[in-house]
Amino acid sequence: MAQFKNHLPKIPIINRYFVTNTLFMALLMLFVPAYAQKAAFLTEAQTVEKVLQQASIQDWIKGTINEAQSDIEEYSHWENPTLYYLLDNPRLRDQNATEQSYMIKHSIDLSGRRKLRQSAAEFRLLSATDATQSRLALFKAKTRLYFFDVLYKQLRLQAISTWLQHLVELEKIIRKRALAGDVPGYDLKRLQREYASAVTHQQAEQAALHHSWELLNALWGDYDTVDFGSGVSGELLPAAPVALDQLLAALEQNPALQSLAKQKSAFNLNSEAAERWKIPKFNLGVGAKTFNATNYSDTALLVSIEIPLPLWNQNNAERIRYRAQAQKVDGKYRLEHQKTYGEIRGSWQELTGLLQAIQTFEQRGQTVSDELINIASISYQAGEIGVFELLDAYRERWAYDLDRLDLMHKARTASIELDRLTDTGIIP
């Protein structure tokens with residue numbers, strides 16, 4: 001420490017706080033990797049499972065399926081019979097008999113409408129299942145977007161930490177030349193300004209990382225368990241997609257399209273049931289009638305049939321409604337098919353283009369950035385360039401790392417969207 005103090009008077013412009021803070025940051029750079037190795041990193045698969053397995057989503061799935069199942073249950077049974085009882089008790093018992101009528105009445109439908117409506121309810125259940133799969137695909141995609149946003153911010157923070165570490169190494173070079181009297185104290189002051197700017201960027205990225213963590217944590221709703229020190233692990237750069245023709249060939253299996261197709265089948269069956277209005281549902285009753293007079297008693301068979309006559313109402317409203325609903329869903333299916341077809345092609349083209357851009361950027365950019373740093377360091381120590389050129393070379397490498405991460409994040413976003421569009425069902 002005494003030796004360090006003896007060197008200070010030789011460089012009056014050096015800010016002692018800056019030098020101390022630089023050394024502290026250097027030690028911090030060595031400590032952070034060791035801590036990170038002990039932290040429990042959250043993976044993409046763990047995050048998706050944690051979100052999809054939470055009670056609120058599972059209850060929503062079960063409620064949706066059970067609601068659709070109730071329609072099948074409704075049409076799986078005959079209507080309940082009706083017990084009919086009538087008492088005719090005359091005031092003059094000696095002249096008129098007391099009559100009692102007992103009858104069981106039941107609704108009879110020989111048109112097959114109930115079976116058709118039961119089949120329609122089964123299609124609605126399948127449609128609800130596919131709609132649930134489509135909604136879960138959205139949940140999954142949103143979870144993955146938030147997860148990789150955290151990873152992206154985490155990697156940006158690491159890139160800035162590397163930039164700070166380079167500034168620490170650069171400070172050694174400049175201080176060595178300043179101690180030798182080869183450069184003015186202004187160079188160290190300029191480095192101090194660059195260092196302060198880098199620290200500001202680091203703090204801003206840390207705040208952005210916290211924001212992304214909060215969004216991810218909100219998906220499973222446990223707001224008290226955010227651990228900003230844990231981090232996530234994974235590959236930000238996605239794999240290359242399969243052939244476009246293969247993805248388009250499986251378009252018909254898209255859960256959203258399957259849900260609409262099965263809705264249309266359900267409406268068509270209901271429309272067919274409504275068309276059978278010419279065979280009306282009738283009520284059949286069977287029972288007995290008793291006579292009890294002062295001088296005799298008797299029992300008679302009772303049979304009743306109640307048949308509605310379709311004179312003014314020929315089920316036109318129901319037939320028009322179901323035909324219109326089938327027509328509407330068919331149009332929606334074709335529009336959704338066109339939209340999804342275009343989105344798959346667009347996402348595939350974007351993803352492949354970004355992956356090619358990343359490959360080109362890495363091939364042409366990384367080597368040049370490393371060479372610029374080496375040339376600038378050697379040239380500065382030889383007195384051929386100034387501190388501005390030296391800092392510019394290091395700043396260019398930092399910009400290269402951040403630009404590369406930006407491209408990788410865009411590629412991952414496109415990959416997630418492509419996965420969502422081609423997901424064929426993910427009910428856990």
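Helix α5 (residues 113-179) and helix α10 (residues 387-421) of this predicted model pack at an angle of about 170°, with their axes 10 Å apart, and α5 and α10 are therefore roughly antiparallel to each other. Here angles under 35 degrees count as roughly parallel, over 145 as roughly antiparallel, 65 to 115 as roughly perpendicular and the rest as oblique; the angles run from 0 to 180 degrees between N-to-C directions, and the axes are lines fitted to C-alpha atoms, for helices over the stretch in contact. Helices (H or I, at least four residues) and strands (E, at least two) are DSSP runs, numbered from the N terminus. The contact of α5 with α10 divides by residue class into 21 nonpolar, 3 polar and 9 charged, where Ala, Val, Leu, Ile, Met, Phe, Trp, Tyr, Cys and Pro count as nonpolar, Asp, Glu, Lys and Arg as charged, and the others, Gly among them, as polar.

Local features in this predicted model need pLDDT of at least 70, and side-chain atom pairs count only at pLDDT 80 or more, whereas totals for chains, interfaces and linings use all residues. Residues are numbered from 1 along each chain as its sequence is written, and side-chain values use heavy atoms, with hydrogens and water left out.

Helix α10 also packs against α9 (residues 316-381), at an angle of about 165° and with the axes 8 Å apart, and α9 and α10 are therefore roughly antiparallel to each other. α9 passes α10 in a left-handed crossing, a crossing being left-handed if the near helix is turned anticlockwise from the far one by less than a right angle, and right-handed if clockwise. In the contact of α9 with α10 there are 22 nonpolar, 7 polar and 12 charged residues.

A further partner of α10 is helix α6 (residues 186-218), which packs with α10 at an angle of about 20°, the axes lying 10 Å apart; α6 and α10 are therefore roughly parallel to each other, and α6 passes α10 in a right-handed crossing. On the α6 side the contact (heavy atoms within 4.5 Å) is made by Y186, D187, R190, L191, E194 and H201, and on the α10 side by V387, F388, L391, R395 and W398. These residues divide into 6 nonpolar, 1 polar and 4 charged.

Turning to the strands, an open sheet of 4 strands has the order β1-β2-β3-β4, with antiparallel pairing. Its edge strands are β1 (82-88) and β4, each of which pairs on one side only, and neighbouring strands are turned by 15° against each other on average, direction ignored. Two strands pair if DSSP finds at least two bridges between them. From β1 to β2 (residues 98-108) there are 7 bridges, with E99 of β2 as the bridge partner of D88. β2 in turn pairs with β3 over 11 bridges in the antiparallel sense, and T290 of β3 is the bridge partner of Q100. Strand β3 (residues 282-292) and strand β4 (residues 297-306) are antiparallel over 10 bridges, F291 has D298 of β4 as its bridge partner, and a hairpin of 4 residues joins β3 to β4.

As for confidence, the protein averages a pLDDT (the predictor's confidence in each residue, from 0 to 100) of 82, and 87% of the residues score at least 70. Over residues 1-39, however, pLDDT stays under 50, and the model has 35 contacts beyond four places in sequence for these residues. Where pLDDT is low, the predicted coordinates should not be read in detail.
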